[in-house]
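Here is a short briefing to read alongside the sequence and the 3D view. Have both open as you go through the points below.

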Amino acid sequence: MQDCIFCKIVNKEIPSTIVYEDENVLAFNDINPVTPVHILVIPKKHIESLAEIKEEDEELIGKIHTTIKKIANQVGILDKGFRVIVNCGEDGGQEVKHLHFHILGGKKLGTKIA
Ligand code: AMP
Ligand code: ZN
């Protein structure tokens, strides 16, 4: 997607601090972290939001979750715990229209999620 900031990150047209990369998945530090660990995990394929995933994406979405676990282990928060958030659509507060999973951790998070 030409105007998509995360596609540009995938294509290395915009710099990012990459923490994980394979053929289908990319993870990089959020530019405006809200917790000590704040990583975004995205499919390299442009999918606009969770509302746009298709059955053919099931393997990819599953892989993103095992990747999240790997990354959590890699950055040392797997044992202590962390939170994964996907904002979807306008009411969900999604700003970047390329599916992404926030990994939040590195401190004890509050119990309120909304
Ligand atoms: P959301 O509100 O779920 O769409 O979150 C978008 C996230 O992308 C925010 O946490 C932003 O800080 C983050 N973000 C936006 N631009 C960049 C960028 N160039 N590099 C890294 N993170 C970014
Ligand atoms: Zn995109």
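**Thr35 and its surroundings**

Setting aside neighbours within four places in sequence, Thr35 is in contact with Leu104, Gly105, Lys107 and Leu109 (contact means heavy atoms within 4.5 Å). This is a predicted model, in which local features need pLDDT of at least 70, side-chain atom pairs count only at pLDDT 80 or more, and totals for chains, interfaces and linings use all residues. Residues are numbered from 1 along each chain as its sequence is written, and side-chain values use heavy atoms, leaving out hydrogens and water.

**More on Thr35**
- You will find Thr35 in the loop between strand 2 (25-29) and strand 3 (37-43); strands are DSSP runs of E, at least two residues, and helices are runs of H or I, at least four, numbered from the N terminus.
- Thr35 counts as buried because its relative accessibility is 8%, where buried means under 20% relative accessible area with a 1.4 Å probe, protein chains only.
- A polar atom of the Thr35 side chain lies 2.6 Å from the backbone oxygen of Val37.

**Overall fold**
- The protein has two helices and five strands.
- Along the sequence, they follow the pattern α-β-β-β-α-β-β.
- The C-alpha trace spans about 35 × 30 × 30 Å along its principal axes.

**Burial and contacts**
- Of the 114 residues in the protein, 36% are buried.
- Among contacts between residues at least 6 apart in sequence, 53% join residues at least 24 apart.

Methods. Chains are lettered from A and ligands numbered from 1 in the order in which they are written. Buried means under 20% relative accessible area, exposed over 50%, partly exposed in between (1.4 Å probe, protein chains only). A polar contact is a pair of N or O atoms within 3.5 Å; within protein, one must be able to donate a hydrogen and the other to accept it, and residues adjacent in sequence count only if both atoms are side-chain atoms.
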